[in-house]
Amino acid sequence: EKQLTSVINKELNKDRGVYDKHKKILFLGSGGAGKSTVFKQLRQIHGEGFSDEDKKEFIPLIHSQLINEMKSALNIYIDYNLRQKQREKKEQENNDYDNYDI
C-alpha cells in the first residue's frame, strides 16, 4: 500500500508540474462576437505556442484590456440604474399628479 501511495504521489506531482506550465485563456463575449475566430487565428499564427518573451509582453496588455472592459461594464450598469431610477421617479410624479385633487 505504501508503494502504491508513493507511485500515485509521484504521478500527481509530475502532473502538477505540467499543469503549472500551462496557462488558460477565457474568451468572453456574446454569440457572434468572434471568439472562435480569434482563437483559430491565434492557433494558426502561434501553433507552436508563444515564446516566453511574447507572453511577458502580453501580460500588461491583457490586464489593461480586462480593466477597461470591467470599467465599461460598470459604467453601463451604473447608467442603466440611473435611467431606471429616473423612470421610476417620473412614474411616481405622474401618479402623484394623477392623485392630486383640483
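Modeller: Helices are DSSP runs of H or I with at least four residues, strands are runs of E with at least two, and both are numbered from the N terminus. The model is a predicted one, in which local features need pLDDT of at least 70 and side-chain atom pairs count only at pLDDT 80 or more, while totals for chains, interfaces and linings use all residues. Residues are numbered from 1 along each chain as its sequence is written, and side-chain values use heavy atoms, without hydrogens and water.

Colleague: What span should α3 have?

Modeller: The expected span is 1.5 Å times one less than the number of residues. For the 47 residues of α3 this gives 69 Å, and the end C-alpha atoms are 69 Å apart, which agrees.

Colleague: Which residues make the nonpolar surface patch?

Modeller: Such a patch joins nonpolar side chains (Val, Leu, Ile, Met, Phe, Trp, Tyr) within 5 Å, from residues with over 30% relative accessible area and no salt bridge. Here F58, L61, I62, L66, I67 and M70 form one of about 570 Å². F58 has a relative accessible area of 32% and is partly exposed, a class between buried (under 20%) and exposed (over 50%), with a 1.4 Å probe and protein chains only.

Colleague: Which residue forms a salt bridge with K55?

Modeller: Side chains of opposite charge can pair when their charged atoms come close. The criterion is a side-chain nitrogen of Lys or Arg within 4 Å of a carboxyl oxygen of Asp or Glu. K55 pairs with D52, the closest N and O atoms being 3.8 Å apart. Both residues lie in helix α3, 3 residues apart, about one turn of the helix.

Colleague: Where is confidence lowest, and where highest?

Modeller: pLDDT is the predictor's confidence in each residue, from 0 to 100. The mean is lowest in helix α1 (residues 2-21), at 78, and highest in α3, at 88.

Definitions and conventions:
Patch = residues over 30% accessible without salt bridge, like charges linked within 9 Å, V, L, I, M, F, W, Y side chains within 5 Å. Areas by Shrake-Rupley, 256 points an atom, 1.4 Å probe, with all protein chains shown as cover.
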